[in-house]
Amino acid sequence: CACHRLVNVMEHNTIPSLTLCVAVIIDLFPNHHNNHHRNTRHYRYLPSTEPHKENQDDLSITLKFAGEQGDAMFAVYDGHGTDGHVCAKYAKQRLPKSIAKHIRQRRVQRYQADLKAAGKSTKGSWDPSSWPMLDVEDYEACCLKSYIEVNKAMHDDDAVPDKLSGTTATAVSFHGGRMTVCNVGDSRVVVGHRLKRKPDEEEKVEIDNEEEEEKVEIDGGYGASHAYPMGMPSFAKKSGGELLALPLTRDQTPYRKDERERVRKLGAEIKSIDQMEDREPMHDNWGDLVLGKEVDIHGDPPRVWVKGNNYPGTAFTRSLGDRLAEDIGVIAKPEIITRELTANDEYLVVASDGVFEFLTNQQVIEMCDQCENPLQACELLVKAAYDKWLVHERRTDDITVIVLFLESKHRPKGDVTGTTADMVKNPNAMYGMDQAASSKLLTSEGRAGVRASAAASNDTSDDPLATESGIKPQSLDEIPETNPN
């Protein structure tokens, strides 16, 4: 079997008062034998004669990132297309190094500028311990530049056949007391945030803790001692209010109205395979599906095509690689968000769509909450995702997950914005949707109604689901939408 298992557990002190305990698992289970065309939600045409072909997921964990003792970067890469594993490995090897390079360069530039402004010599300025931390704008600019740079390098490298292959690249990095998330594709980052319990609810804590909750049994015999000989540390359960799953990325797919409109302006055509093969009427009533709050089990998704042709058929709108699709808007320009973690943030999950295809963000975070440590959470998530795949399809996708258990004492002062706590005030703000539209969309009746109405009308002018959406990229305007070469 070509699949493999990688487990790693570590503790790492990042920003002051924040400790991460990390576990990762990649492809714990073999792929199902009836896997006729892998990653069909990514590309339409893939070989059907290789049910055991190489795992196309990859990941990277870099501690002391960019030479800074307390920094770290965690990333997942989900390859697609015949040579997706090559693209994912290339991104794993190049993207962290590229981001680290630009961060170091920018920090020393800032330090030299400060010295010159103070009338001091810049001699000896290459001492990293003296460099200032970057602000949000500078750090995000470094990340942006690296995504574009690695994508171009992938195109230019003859050893990486990325004409009809590519990879997602979803990265979380810690720097200067903040967490920056960059994303292209449909891998995902979710944080588990515990609401503060109201004073009049404190007396209910003991009763609540005694209630029995249905749990998914962990099977497979992969105990924590397997990867942590001295015994995996257990984390005490935190009392408090409701545990919320806050998405820090939003899948970049044609389900998003803003992404559909963007690629269409560059000549793309949006339709599903069922529409191409006349099994479903042509329509554009895809709504603005919020993947992560609801799973899509209603057939083939909308895809991106060269107008009048049957390629590339990607079910995503951004990626690294995919050279042929770049001219119609499938770009490497990431969406970036920066937030401060707070004392109420307990879990952080970075995973490929193999985890999230049939599990909601909330289900994933609640499973983490059932576990005593991140390794146990990884094993539970992988098994649950694997089982869900076999319920809904005759195959499984590659499954990769990084779980971080967070121990933070950080409490932002005053009216500090840009924290995960701000997101709790309006969870739908991350999706760019109002509550009414979100509620209607996220019911099976509402989703089915969108498809059912397609035969009658293609007019979406009065459709409450057709609203602008998505995370607003920051500091991205200077990057062209297509490859100038």
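## Salt bridges, strand pairing and cores in a predicted model

Arg 262 and Glu 259 form a salt bridge through their side chains, 2.9 Å from N to O. The term covers a side-chain nitrogen of Lys or Arg within 4 Å of a carboxyl oxygen of Asp or Glu. Because the two residues are three apart in helix H4, about one helical turn separates Arg 262 from Glu 259. Helices (H or I, at least four residues) and strands (E, at least two) are DSSP runs, numbered from the N terminus. Arg 262 is buried at a relative accessible area of 13%, and Glu 259 is buried at 2%. Buried stands for under 20% relative accessible area, exposed for over 50% and partly exposed for values in between, with a 1.4 Å probe and protein chains only.

The model is predicted: local features need pLDDT of at least 70, side-chain atom pairs count only at pLDDT 80 or more, and totals for chains, interfaces and linings use all residues. Residues are numbered from 1 along each chain as its sequence is written, and side-chain values use heavy atoms, with hydrogens and water left out.

**Salt bridges**

The structure holds 21 salt bridges. Three of these are tabulated here.

| Pair | N to O distance |
|---|---|
| Arg 262 and Glu 259 | 2.9 Å |
| Arg 256 and Glu 335 | 2.8 Å |
| Arg 323 and Asp 162 | 3.3 Å |

Arg 323 is partly exposed at 39% relative accessibility, whereas Asp 162 is buried at 0%. The salt bridge between Arg 256 and Glu 335 also links distant parts of the chain: Arg 256 sits in the loop between strand E9 (243–247) and helix H4 (257–265), and Glu 335 in strand E14 (residues 335–339), 79 residues apart. Both partners are buried, Arg 256 with a relative accessible area of 1% and Glu 335 with 5%.

Strand E4 (residues 72–80) is largely enclosed by the rest of the structure, because nine of its nine residues are buried. In a regular strand the side chains alternate between the two faces of the sheet. In E4, Ala 72, Phe 74, Val 76, Asp 78 and His 80 point one way, while Met 73, Ala 75, Tyr 77 and Gly 79 point the other way.

E4 pairs with strand E3 (residues 57–63) in the antiparallel sense over seven bridges; two strands count as paired if DSSP finds at least two bridges between them. Asp 78 of E4 stands opposite Asp 57. Strand E6 (residues 169–175) runs antiparallel to E4 and is joined to E4 by five bridges, with Val 172 in E6 as the bridge partner of Phe 74. Strand E5 (residues 166–167) pairs with E4 over two bridges, again antiparallel, and Thr 167 in E5 is the bridge partner of Gly 79.

**Aromatic pairs**

There are four aromatic pairs, meaning rings of Phe, Tyr and Trp (its six-membered ring) with centres within 6.5 Å, where planes under 30 degrees apart count as stacked, over 60 as edge-to-face and the rest as tilted. One of them joins Phe 74 and Phe 174 edge-to-face, 6.2 Å centre to centre with 85° between the planes. Phe 74 lies in E4 and Phe 174 in E6, so this pair ties together parts 100 residues apart in sequence. Phe 74 is buried at 0% relative accessible area, and Phe 174 is buried at 1%. Trp 126 and Trp 131 form another edge-to-face pair, 6.2 Å centre to centre with 75° between the planes. Trp 126 is exposed at 60%, but Trp 131 is buried at 8%.

**Nonpolar cores**

A nonpolar core is a set of buried Ala, Val, Leu, Ile, Met, Phe, Trp, Tyr and Cys residues joined through side-chain atoms within 4.5 Å. The largest has 29 residues, and those with the most contacts inside it are Phe 65, Tyr 77, Ile 99, Ile 103, Tyr 147 and Leu 320. Two or more residues come from each of E4, helix H1 (84–117), helix H2 (136–156), E6 and strand E7 (178–184). H1 gives the most, with eight residues. A second, separate core has 26 residues, including Leu 359, Cys 378, Ala 384 and Ala 385.
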